[in-house]
Amino acid sequence: MFREVKVKSVLNKLKSHDDWFLVDYTVNPFMGCALNCTYCYIHGSKYGGEDTSVLQVKTNAPEVLYKQLKNRTRKGEYGFIGLGSSTDPYPPIEKELEITRELLKIIYRFKFPVNVNTKSTLILRDMELYRKIDENAVLPRRFQGKMDHGVIVSFSFSTVDPVLAGIFEPGASTVEERLVTTQKFSDEGFLVGANLMPLLPFLTDTEEHLDEMIGKMKEHGAEFVLVAGLTLFGDEPSDCKVRYYDTLEKHYPEVLPETRKLFGNSFAPSRKYQHDLAKLSEKLALKHNIRTRILTNNLE
Ligand code: SF4
């Protein structure tokens, strides 16, 4: 089920470039997300209380993007476009509608580079388009001569445990399918990595589980891992804090009190938790010989 919406703009220019994902722009073909991860903050009041229960498809996004990229091209304002920063660009309906595919054709036409982030194997359908973008995109000046890819392919995982994934990411492709897809893009020579986020406190943020996750990413051709913890917002039934706690209560009641304590009235765990998680991920990335940034050096 989906609803059509018409938009005036689809290319969002960031105030400053994102040092983490290396993007200057974001494009989201949809509002809301059909993958419906329990921990996701796009459902609920953080996004202005908009009704995200029904996927909204920006049906005029291709013609709007065409105009916007034409304008940016004229000014030479090239930059990586983050595709799917607040929605997954490959929900099941994309198979039929091909909105993301149309956007990619326009991105290719204007030679913009892309960082695509997904939890769906449907991305395989567009591999040849990504290859053309990868080979032809004009890189922003700060990356010229420092990287040789116009596409960054990122797969998201909050866990590699299939049971946990089924509970917390019910609409995503299975962990195994995502790993196999990671491998396929890597085998085809793309710059591929994994966004290990959000790690779920007391479930997937343990040293043992993160070690397994990073090991599997390396094994399947990922060149980098970006690791981040969970954030939880709101107190309405559709808010992720409420939905996440309800899910814990149902499936993992033993970790609910600790999780509540970790967050308290905040949207994020303490600085110490975040510092310890960053240290742990650096240690494990070193062990598995994998980067914790998209590129080797900080080029910013
Ligand atoms: S796939 Fe991403 S955007 Fe979609 S519900 Fe899951 S976390 Fe949110």
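This is a predicted model: local features need pLDDT of at least 70, side-chain atom pairs count only at pLDDT 80 or more; totals for chains, interfaces and linings use all residues.
Residues are numbered from 1 along each chain as its sequence is written, and side-chain values use heavy atoms, with hydrogens and water left out.

Glu98 is found in the loop between H2 and helix H3 (99–109), helices (H or I, at least four residues) and strands (E, at least two) being DSSP runs numbered from the N terminus. Although Glu98 is not a glycine, it has a positive phi of about 55 degrees. A positive phi, of about 65 degrees, is also found at Phe202, likewise not a glycine, and this residue is placed in the loop between E9 and helix H7 (207–219). Phe202 counts as partly exposed because its relative accessibility is 31%. In strand E9 itself lies Pro198, which is joined to Met197 by a cis peptide bond with an omega of about -5 degrees.

The largest pocket holds about 1,300 Å³ of space. In these terms, on a 1 Å grid over the protein atoms alone, a cavity is a set of points where a 1.4 Å probe fits but cannot get out, and a pocket is an open set with protein on both sides within 12 Å along at least five of seven lines, while lining residues have an atom within 4 Å of a point. Grid points are joined across faces, edges and corners, and a volume is the space filled by probe spheres set on the points. The largest pocket is lined by 47 residues, of which Phe21, Tyr41, Ser85, Asn117 and Met197 are the closest to its centre. Two or more lining residues are given by each of strand E6 (81–83), strand E7 (114–118), strand E8 (151–157), strand E9 (191–199), strand E10 (224–229) and helix H10 (271–288). Of these elements, H10 gives the most to the lining, with 6 residues. By residue class, the lining divides into 24 nonpolar, 19 polar and 4 charged residues, with Ala, Val, Leu, Ile, Met, Phe, Trp, Tyr, Cys and Pro counted as nonpolar, Asp, Glu, Lys and Arg as charged, and the others, Gly among them, as polar.

The ligand sits in the largest pocket, a molecule being assigned to a cavity or pocket if more than half of its atoms lie within 2 Å of its grid points. Surrounding the ligand are Cys33, Leu35, Asn36, Cys37, Tyr39, Cys40, His43, Thr87, Asp88 and Lys119, a residue being near a molecule or strand if one of its heavy atoms lies within 4 Å of it. This shell comprises 5 nonpolar, 3 polar and 2 charged residues.

Pro92 is found in the loop between E6 and helix H2 (94–97) and counts as exposed because its relative accessibility is 60%. Leaving aside neighbours within four places in sequence, Pro92 is in contact (heavy atoms within 4.5 Å) with Ala34 and Leu35. The C-alpha atoms of Pro92 and Arg109, which are 17 residues apart along the chain, are separated by 25 Å.

Val5 is buried because its relative accessible area is 17%, while Lys6 counts as exposed because its relative accessibility is 63%. With neighbours within four places in sequence left aside, Val5 is in contact with Met31, Gln56, Val57, Lys58, Thr59 and Asn60, and Lys6, with residues up to four places away not counted, touches Thr59 and Asn60. From C-alpha to C-alpha, Lys6 and Phe110 are 22 Å apart in space and 104 residues apart in sequence.

Asp211 is found in helix H7, where, residues up to four places away in sequence not being counted, Asp211 touches Leu284, Lys287 and His288.

Key. Buried means under 20% relative accessible area, exposed over 50%, partly exposed in between (1.4 Å probe, protein chains only).
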